[in-house]
Amino acid sequence: MTIGISDIAFATAYQVLDLQQLADAQGIDVGKYYIGIGQSEMSVPFPDEDIVTMGADAAAQIIARHGADGIRTLLFATESGIDQSKSAGVFVHGLLGMGERCRVVELKQACYSATAALQFALGIVARDASEKVLVIASDVARYALDTSGEPTQGAAAVAFLVTADPALLEIEPVTGLHTDDIHDFWRPNYLSTALVDGKYSLAAYLGALEGAWGEYRSRGGAAFADIARFCYHQPFTKMAVKAHDRLCKVAGAELDKEQRLAQIAASLQMNRRTGNSYTASIYVGLLSLLERDEADLAGERIGFFSYGSGSVSEFFTGVVRPGYRELLRTARDAATLDDRVAIAHARYRALHEAVDAVQGSDYETAAETPGPYRFAGVVDHVRRYETRG
Ligand code: HMG
């Protein structure tokens, strides 16, 4: 039996800040962002958008195509949870009118947890081939204003359906793991923005890649030469370029710069415009690769490196199924990015500051998002969500 991803859908926040705006406000050359870190824009949520509205937006596309019947597990992966106890997935389950016979749980380990969700989903389907698991990865990446992490903020969600005999991508069984108790990036419960040791986090990411790749190979994983494309966690797209250069070196692959870039270029295009989306980022990269790579990837093997600070990481592979292109929502996803409302730096900054101003109080949000679901505010400490009429 083969198991893997049958369908995958994308959503992001409905506002966008061009990093030119940020560079201008900071009085620096935008080349640092456009070229140096490889980011051109960041998605910025309206006040009535969050991980639940983005997650529901992505998952609704899966449910519209496949129905909710038979989905007995919903796994919600996030670093930017909205409740310490209740899973954000339960809110999505309610918004989408899914049936009661469903287990719903939230998973956390920085940017890695969507990959944990994928692996757990594969296990559930391996035990009973009739099971379908809906995985949602949704995050709003926030750093404090005027810190080095600020240009790497962003927001997006991906939902994917894990089944037997998958139509899109078969996930292969061999994986390589690497865990290390470090503080490269973390977020204490009392902060709405992440703390990061920027330069150290880059070194930690690259070290973890070597560790996970080493274990992957020692467990019988495919040789580098048998992997056609690579998809990395992308806190900013230049990180994936650095990671792939490192992997080529470690694996002894003698490829020139152009050849190395050709193996990852299509996977970078969407993240370049959403910004970091933590748990969703590697799967936004997968969608970007499938939708934007001009080559026919049917039958080709993709290598994935999933990294979550703290840190837990995994290298694994998948093989693209014939007919995958017919299942993609390529035009819709391009329009989702193009149609975001462009905002100026002053509005971005005001929205950023407003997040902490309302913490702990009851409040109503104005109806602003053009998206299908909205966060209406907090009443008696309960978050209220609604479908937009
Ligand atoms: P910085 O120190 O401000 O930037 O922050 P820099 O001085 O290192 O410059 C960045 C690059 O721009 C450099 O290129 C410069 O040379 C270049 P590099 O040497 O790296 O190749 N540059 C220019 N290029 C062209 N024209 C110019 C120009 N000026 C400079 N005019 C840093 C960089 C990444 C540290 C910062 O953005 C940061 O702290 N980001 C957040 C942390 C992060 O993303 N870490 C990544 C690894 S950890 C991870 O991936 C996990 C994470 O997603 C969280 C999770 O797991 O949940 C973060």
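So, Ser201 to start with: one of its polar side-chain atoms sits 2.8 Å from a nitrogen atom of the ligand. That's a polar contact, meaning a pair of N or O atoms within 3.5 Å. Before I go on, this is a predicted model, so local features need pLDDT of at least 70 and side-chain atom pairs count only at pLDDT 80 or more, while totals for chains, interfaces and linings use all residues. Numbering runs from 1 along each chain as its sequence is written, and side-chain values use heavy atoms, with hydrogens and water left out.

Lys32 puts a polar side-chain atom 2.7 Å from an oxygen atom of the ligand. For Lys242, a side-chain N or O atom is 2.7 Å from a ligand oxygen. How much of the ligand does the protein bury? Taken alone, the ligand exposes 1,100 Å², and 74% of that gets buried (Shrake-Rupley, 1.4 Å probe).

As for the site, the ligand sits in the second largest pocket. A pocket here is an open set of points on a 1 Å grid over the protein atoms alone, where a 1.4 Å probe fits, with protein on both sides within 12 Å along at least five of seven lines.

Now the shell. There are 29 residues around the ligand, and Lys32, Cys111, Lys199, His233 and Lys242 come nearest; near means a heavy atom within 4 Å. They split into 13 nonpolar, eleven polar and five charged, with Gly counted as polar.

Gly310 and Ser311 are joined by a cis peptide bond, omega about -10°. And Ala110, not a glycine, has a positive phi of about 45°.

Terms used
Polar contact = N/O pair within 3.5 Å; in protein donor to acceptor, adjacent residues only side chain to side chain. 1 Å grid on protein atoms, 1.4 Å probe; cavity = no way out; pocket = protein on both sides within 12 Å on 5 of 7 lines; lining within 4 Å. Sits in = over half its atoms within 2 Å of the grid points.
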